[in-house]
Amino acid sequence: MDLRERLSVYLLISGSTPETVVEAVLAAGVGAIQFREKTLPMAEQLVQARRIREQCHKAGALFFVNDRLDLAMAAGADGVHLGQSDLPPAEARRLWGPRALIGASCATLQELAMADGADYVGVGPLYATASKPDAGAPVGTAAVEQICRAFSGPVVGIGGIGPGLAAPVIRAGACGVSVISAILDAPEPASAARELLREVRQALTDRGTPGSAPHPRAGGA
Ligand SMILES: Cc1ncc(COP(=O)(O)OP(=O)(O)O)c(N)n1
Ligand SMILES: Cc1ncsc1CCOP(=O)(O)O
Ligand SMILES: [Mg+2]
């Protein structure tokens with residue numbers, strides 16, 4: 001499975017996400033998980049990150065750490081996701097090496113310029129979201145279209161994406177959607193994950209997914 005396919009549904013979790021929920025969404029087909037924990041002490045984050053990495057790898061999913069290159073490396077993650085105020089992707093690459101998967105956030109073409117060296121980009125917030133109070137104004141799917149024209153790697157949309165809102169993101173050119181509340185706030189997270197995956201796959205089929213070479217660092221599965 002290549003990187004684009006694994007990013008079809010990319011879930012962000014925190015330290016308070018129950019282990020059983022992680023297990024269930026992975027079994028439902030979530031292909032990538034990002035550990036996004038901003039408050040717990042680092043030693044505790046490291047223990048949690050290692051446990052989630054194990055869960056992901058058993059399920060054949062990718063494991064990313066948000067913000068912190070040091071934590072990502074210590075936890076044996078597949079990659080790190082860096083925002084505009086984090087280490088530049090090129091610097092993370094220099095420190096971690098060629099096998100690391102590096103993701104970057106951008107909302108505009110100017111921000112994309114700062115993402116040089118990233119393997120994939122997350123574009124957002126696309127819609128209003130309560131999950132990130134400092135997210136800024138929604139940029140909508142037009143931003144996905146613009147960034148997909150300028151960046152040849154995988155692009156995921158993020159921010160306020162729930163049922164029925166994933167298909168427009170794929171039609172705009174993204175390979176997947178990155179979510180928190182659509183899955184974690186759902187009464188049955190595994191069912192919500194399956195439904196989102198179904199919507200993404202249907203939209204990719206309708207779009208006529210462009211042939212993409214397997215990503216050299218996404219591993220085989
Ligand atoms: C896949 C993905 N895309 C965007 C983000 C947002 O990153 P950032 O802007 O650094 O904000 P925080 O998540 O750190 O609050 C992301 N985490 N993942
Ligand atoms: C981390 C992040 N970055 C941009 S929007 C967002 C929050 C996404 O959460 P939700 O899917 O609940 O809107
Ligand atoms: Mg960040």
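Tutor: We begin with a definition: helices and strands are DSSP runs, numbered from the N terminus, and a strand needs at least two residues. The model before us is predicted. As a case of such a run, F35 belongs to strand β2, residues 32–35.

Student: How many helices and strands does the chain have?

Tutor: The chain has 10 helices and eight strands.

Student: Which overall dimensions does the chain have, and what does its radius of gyration agree with?

Tutor: Along the principal axes, the C-alpha atoms fill a box of roughly 45 × 40 × 35 Å. A compact globule of 221 residues would have a radius of gyration near 17 Å, and the chain, at 16 Å, agrees with this. As for contacts between residues at least 6 apart in sequence, 56% of them join residues at least 24 apart.

Student: How is burial read, and is F35 buried or exposed?

Tutor: A residue is buried if 20 or more other C-beta atoms lie within 10 Å of its own, and exposed if 12 or fewer do. F35 has 29 C-beta neighbours inside 10 Å and therefore counts as buried. Leaving aside residues up to four places away in sequence, F35 touches I13, Q48, A49, I52, V65 and N66. Over the chain, 47% of the 221 residues count as buried.

Student: Where is K38 placed, and is it buried or exposed?

Tutor: K38 is in the loop between β2 and α3, the latter being residues 42–59. K38 is exposed because 10 other C-beta atoms lie within 10 Å.

Student: In what sense do β3 and β4 pair, and which way do the residues of β4 point?

Tutor: Strand β3, residues 62–66, pairs with β4 in the parallel sense over three bridges. F64 stands opposite G79 in β4. In β4, residues 79–82, G79 and H81 point one way while V80 and L82 point the other way, and all are buried.

Student: Which residues come nearest to ligand 1, and which to ligand 2?

Tutor: Around ligand 1 there are 16 residues, of which G83, S105, G122, I158 and S178 come nearest. The elements giving two or more residues to that shell are β1 (9–13), β5 (101–106) and β7 (155–158). By class, the shell around ligand 1 has four nonpolar, nine polar and three charged residues. Ligand 2 has 15 residues around it, and T129, S131, G159, I180 and S181 come nearest. The shell around ligand 2 divides into eight nonpolar, six polar and one charged.

Note on methods. Residues numbered from 1 in each chain as written. Chains lettered and ligands numbered in written order. Predicted model: local features only at pLDDT ≥ 70, side-chain atom pairs only at ≥ 80, totals over all residues. Helix = DSSP H or I, 4+ residues; strand = E, 2+ residues; numbered from the N terminus. Contact = placed C-beta atoms within 7 Å. Rg over C-alpha atoms; globule rule 2.2 N^0.38 Å. Near = placed C-beta within 6 Å. Nonpolar A, V, L, I, M, F, W, Y, C, P; charged D, E, K, R; others polar. Pairing = 2+ DSSP bridges.
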